[in-house]
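Colleague: Please take me through the backbone and the packing of this model.

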Amino acid sequence: MIVSDSPRCATMPQPSIGLYIHIPFCQTKCIYCNFNTYARLEHLIPDYVRALSHEMKIWGELLEQPVVRTIFLGGGTPSLLPASEITHVLDAARKSFAVGREAEITLEANPGDVVGGKLSCWKALGVNRLSMGVQTFDDGELQMLTRRHTAQQAKEAYRRMKAASFDNVSFDLIYGLPKQSLETWRSTLEQSLELDPLHISLYGLTIEEGTPLKQDVESGRLPKPDPDLAADMYLLAEEMLKGYRHYEISNWAKPGYEAKHNLIYWRNEPFLGVGPGAHSYLRGKRFWNIKSPADYVRRLTIDTGARWPFDEMPTVEEWRETDPKEEASETSILKLRLDEGLAIADVESRFGEAEAQRQTNVLRGFATHSLVAESGGVFRLTSQGRLLSNEIFVKLLPE
Ligand code: SF4
C-alpha cells in the first residue's frame, strides 16, 4: 500500500482540505442525469489521467502540499477506469498533497464494474469507502432510469465488496420517480436494510433541463412525479431508517460512519476539486473548472514547466470572491442541513451581532410554525422543516 504521511502534516500553517477528483466518463448516459459526464469518451482516459495528475501537481505546488484529509473519486463513473489508471490518479494525489494515513478515500462504483480484480486493487491503493449507485431495487424502475444494472447485480456487487473487506459501503437511492409507488419504495428500503450498509444517501429526483427524462415527462411518455408522494416517501424513509443516525437531510449513517468528505462541504470548510467542471472553495474564493474534458486535457497535457499564480490557473473558468453576507447565509444553510444544527453564537462570532440577530429573527419565525426547533441557542430543522427546507433556506439569503 502506498501511503504518505508527510512530517509537514504537523507543522502546516494552512487548514487541511478535502480533495474531490472528477472522473467524467460513463458507459452510457442515464436519462435523468445532467452531471458533467460523457458516454463514448473512453478513448480520452489515458490522456485525461495524465492531465488530472498534472493539475494535482500544479495545485500541490501552489498550495504548498496541504494536508488532505479526505479524497472523493466521483463522477461520472470512477469504477469504469482500469485499475492501472486509478493507481496513477491516487499516486499523483499522494505525490502532490500530504495525504494522511487516516484519510477517508471514497470511490463511487457502479454495480456492474465491481469485479474481484478491481476490488483488490482499490483496497491495495488505500480506498476505504465505496459509494454504490444502487438507485432502486426495482428492476422496472432501473430500466426506466436506463441504468445498466439489475437489482440482483447490485446485491451481488455488495456481497463482493464485503468479501473484499470493504465494510464502509454507502448506497445511493433515489425516490420520487415517475411510476414509483410507496410500495416499491418501501421494498427498496427493506432490501437495503436486509443488506445493512453502514451509510445510505437518498436523493429526491429532480427533472433537469435538457435531459431525455424531461422530454419524456413533457411529451407524456412518462407521468410527472407527484411531489406529495415524494414527501411521503421521504417520511417513510425517516421512519424505516431509525436504526441509523439521520445526520444530514439526505444522509443516514451508522454512528461513526458519517461521510467525512461531505461533512467538509456541509461545514463550509475548504476543498479543492480537480477535473472538468469541478468546484473548489479555497482562501475565501469559490471557483470552478471549464466543463469540456477535451479542452481540459488540451490545457494540461503538455507540461511546459510554466507556473501560474493561484488565481490564474489555466483550468479555471470562473473565480468568485465570497461576499461576507453570502458567506454568512451559505454557512448557516449548510449547517441547518446537519442534525448538529446551527449554533447562533457561531454566527455571531464569525459574522457579527447584526447578522446573528437577522438569522435568529428568520428562524424564530419558522419556529412558530414548528418547522425549526430552538434549544440552548442551537436551531435545528424539524421533520416537517426538512420537507420544506428550501423555503426556509431562501429566507436566510441576504436581502
Ligand atoms: S452513471 Fe451516474 S453519472 Fe453516469 S450518467 Fe448515470 S447518473 Fe449520470
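Colleague: Where does Arg40 sit?
Modeller: Arg40 lies in the loop between β1 (17–23) and α1; helices (H or I, at least four residues) and strands (E, at least two) are DSSP runs, numbered from the N terminus. Residues are numbered from 1 along each chain as its sequence is written. This is a predicted model, in which local features need pLDDT of at least 70, side-chain atom pairs count only at pLDDT 80 or more, and totals for chains, interfaces and linings use all residues.

Colleague: What is the phi of Arg40?
Modeller: Phi at Arg40 is positive, about 60°, although Arg40 is not a glycine. Most residues other than glycine have a negative phi.

Colleague: And is Arg40 buried or exposed?
Modeller: Arg40 has 11 C-beta neighbours inside 10 Å, so it counts as exposed (12 or fewer other C-beta atoms within 10 Å; buried is 20 or more, partly exposed in between, with C-beta atoms placed from the backbone).

Colleague: What about Thr146?
Modeller: Thr146, not a glycine, has a positive phi of about 60°. Its place is in the loop between α4 (139–144) and α5 (151–163). Thr146 is partly exposed because 14 other C-beta atoms lie within 10 Å.

Colleague: Which peptide bond is cis?
Modeller: The bond from Gly75 to Gly76 is cis, with omega near 15°. Gly76 belongs to the loop between β2 (67–75) and α2.

Colleague: Changing topic, which residues surround the ligand?
Modeller: Gly75 and Gly76 are among them, together with Cys26, Lys29, Cys30, Cys33, Phe35, Thr37, Thr77, Asn110 and Gly133 (C-beta atom, placed from the backbone, within 6 Å).

Colleague: Now the helices: at what angle do α2 and α3 pack?
Modeller: Helix α2 (residues 83–96) and helix α3 (residues 116–124) pack at about 15°, with their axes 10 Å apart. Axes are lines fitted to C-alpha atoms over the stretch in contact, and angles run from 0 to 180 degrees between N-to-C directions. The two are therefore roughly parallel (under 35 degrees; over 145 is roughly antiparallel, 65 to 115 roughly perpendicular, the rest oblique).

Colleague: Which residues make that contact?
Modeller: Ala83, Ile86 and Thr87 of α2 meet Gly117, Lys118, Cys121 and Trp122 of α3 (C-beta atoms, placed from the backbone, within 7 Å).

Colleague: How do α1 and α10 cross?
Modeller: The axes of α1 (residues 45–62) and α10 (residues 293–300) come within 9 Å and cross at roughly 60°, which means that α1 is oblique to α10. The contact involves Asp47, Tyr48, Ala51, His54 and Glu55 of α1, with Pro293, Tyr296, Val297 and Leu300 of α10.

Notes:
Two residues are in contact if their C-beta atoms, placed from the backbone, lie within 7 Å.
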